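Trainee: I would like to go through the labels on this model one by one. Can you set each value against its rule?

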Amino acid sequence: MIIKNGRVALPGENDFQAVDIRVEGEIIAEIGSDLSGDDEVIDAEGLFVLPGGIDPHVHFDDPGFTDREDFYHGSCHAAFGGITTVIDMPCTSIPSVINGRNLLEKLKIIENKAVVDFGMFGGVPGSSFEEGFPACMEELSGHVLGFKTYFISGMESFTRVNHFQFKKVLEKARELVLPVLLHAEDYDYVSDATVSSMKEGVSPINYYRSRPEAAEVLAVLSAVELVKETGANLHIVHIGTARAGELLRDNDVTGETGPHYLEFDVRDFERIGSPLKCTPPVKLPENKERLWKLLDEGVISFVASDHAPCTEDEKNTGSIWTEYSGIPGCGTLLPYMFSEGYMRGRISLQRLVEVTSEGAARRYGLFKRKGSIEAGKDADLVLMDPVKSWIVKGKEFYSKGKITPFEGMELKGLIVKTILRGKVIYTAEEGIKVEGGYGRLVKKEAG
Ligand SMILES: [Zn+2]
């Protein structure tokens with residue numbers, strides 16, 4: 001396959017380059033001018049060519065909560081959004097991925113479902129300290145890209161760790177040379193703030209007040225302190241508070257944010273309500289532009305969608321306290337960052353590539369194969385028409401989750417084709433082009 005006449009986002013470049021890409025089998029064989037000698041030519045005249053997106057934080061809920069999402073629908077939605085690799089969270093499937101046996105059981109169930117490549121995170125809930133720890137982490141270590149933990153959890157099947165347990169996880173993960181991922185909201189603060197805010201009412205603002213900026217900052221502060229003590233490798237997921245993001249600047253800790261924190265604030269939450277309910281909730285308006293800046297500066301390493309859809313009933317319970325917390329996002333992640341980040345001049349082309357692909361590939365040990373358009377790497381590519389716009393419509397989503405806070409938003413840039421390992425897996429005209437099972441498990445590379 002040769003992709004001709006496109007304008008290509010090469011790593012480290014702040015302008016698109018007019019080069020052709022020759023793909024042999026699954027791999028990028030050559031990048032250069034006027035390439036020829038292949039029967040299959042894709043004419044990318046007028047199109048941008050970006051590296052396949054990596055969404056390093058999705059909940060595909062499979063097996064266990066497949067009425068919300070499963071690996072097939074979730075990965076189709078990813079392909080539609082130009083994502084060629086996802087990393088699945090361990091906590092929202094039954095069984096949750098907390099030991100080797102559960103992981104193998106899950107892999108067997110999903111092996112014929114994915115249309116994009118996928119990595120796995122393992123998880124360490126507090127309950128692992130009653131049974132399994134630290135052997136559970138050792139069993140998982142050859143398969144997973146990191147270990148997810150929660151300072152506070154709303155899930156009965158995946159409980160929180162306290163600070164002492166968290167320190168133990170950090171130490172063990174360091175020994176296993178893997179990162180720890182933290183859901184950073186302070187347990188003490190949120191527990192009592194929830195009781196108090198519930199008495200105040202059932203509006204979105206009441207939910208926000210139970211988990212405001214301070215809850216996130218306190219959690220990141222204590223996590224950073226324990227990293228100093230252990231020298232461990234920590235990543236903070238879904239940062240929505242600029243002050244929490246600032247804490248990464250002088251500490252050896254990485255973080256991600258997501259489109260919903262960049263786009264929305266509490267005023268939108270009051271207006272949109274349940275479709276925007278996620279945990280942590282969106283914050284006060286002043287956070288948004290500061291988060292964009294932290295992202296552009298590289299203090300926040302990359303974006304992730306925290307894709308976590310649910311059924312319509314679960315989003316329509318009548319009270320913000322009982323609405324399901326989570327939104328579908330893997331299909332809008334890259335289009336949103338392209339339109340509202342790059343096209344609006346908030347982030348450079350180089351940063352666009354880094355925050356949607358390269359950053360996560362480097363962070364999780366996938367960069368030899370994924371994360372940039374370079375000869376010798378997997379031919380994971382997105383062809384984007386920068387002139388066309390489209391309107392986000394939840395009912396057209398491939399995901400099982402159709403309720404999105406981005407409903408009705410116009411985004412510049414239409415994804416025309418998504419290519420994974422040299423194969424077209426999605427086109428705007430024809431939809432999904434491969435069967436479930438084409439997507440493969442990716443593991444951390446040696447070295
Ligand atoms: Zn999540």
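**Labels and their rules**

Mentor: Start inside. The largest cavity is lined by Pro 51, Gly 52, Ile 54, Thr 84, Ser 357, Arg 369, Lys 370, Gly 371, Ser 372, Asp 378 and Asp 380. This is a predicted model: local features need pLDDT of at least 70, side-chain atom pairs count only at pLDDT 80 or more, and totals for chains, interfaces and linings use all residues. Residues are numbered from 1 along each chain as its sequence is written, and side-chain values use heavy atoms, with hydrogens and water left out.

Trainee: What makes a space a cavity and not a pocket?

Mentor: Escape of the probe. On a 1 Å grid over the protein atoms alone, a cavity is a set of points where a 1.4 Å probe fits but cannot get out; a pocket is an open set with protein on both sides within 12 Å along at least five of seven lines. Lining residues have an atom within 4 Å of a point. Points are joined across faces, edges and corners, and a volume is the space filled by probe spheres set on them. The search gives 4 cavities of 30 Å³ or more. The largest cavity holds about 40 Å³.

Trainee: What is the volume of the largest pocket, and which residues are closest to its centre?

Mentor: Its volume is about 830 Å³. It has 39 lining residues, and Ser 153, Gly 154, Met 155, Thr 279 and Ser 325 are the closest to the centre. Strand 12 (147-150) and helix 5 (187-200) are the elements that give two or more residues to the lining. Helix 5 has the largest share, with 5 residues. Helices (H or I, at least four residues) and strands (E, at least two) are DSSP runs, numbered from the N terminus.

Trainee: How do you know which atoms coordinate the zinc ion?

Mentor: By distance. Donors are N, O and S atoms within 2.8 Å of the metal (3.2 Å for Na, K and Ca); water is not among the atoms, so sites may look incomplete. His 57 (NE2), His 59 (NE2) and Asp 306 (OD) coordinate the zinc ion at 2.1 Å, so they meet the cut-off. The donor spacing in sequence is H-x1-H-x246-D. His 57 is in strand 8 (residues 53-58), while Asp 306 is in the loop between strand 16 (302-303) and helix 12 (333-342), 249 residues apart. His 57 and Asp 306 are both buried.

Trainee: Why is Cys 330 called buried?

Mentor: Buried means under 20% relative accessible area, exposed over 50%, partly exposed in between (1.4 Å probe, protein chains only). Cys 330 has 0%, so it is buried. Cys 136, at 3%, is buried. Pro 90, in the loop between strand 9 (83-88) and helix 2 (100-110), is buried at 0%.

Trainee: Why is the pair of Phe 71 and Phe 118 called edge-to-face?

Mentor: Rings of Phe, Tyr and Trp (its six-membered ring) pair if their centres lie within 6.5 Å; planes under 30 degrees apart count as stacked, over 60 as edge-to-face and the rest as tilted. Here the centres are 5.2 Å apart and the planes at 70 degrees, so the pair is edge-to-face. Phe 71 is in helix 1 (residues 71-80) and Phe 118 in strand 10 (residues 117-120), 47 residues apart. Phe 71 is buried at 0%, and Phe 118 at 4%.

Trainee: What makes Phe 129 and Phe 133 a stacked pair?

Mentor: Their planes are at 25 degrees and their centres 4.3 Å apart, so the pair is stacked. Phe 129, at 27%, is partly exposed. Phe 133, at 22%, is partly exposed. The count is 19 aromatic pairs.
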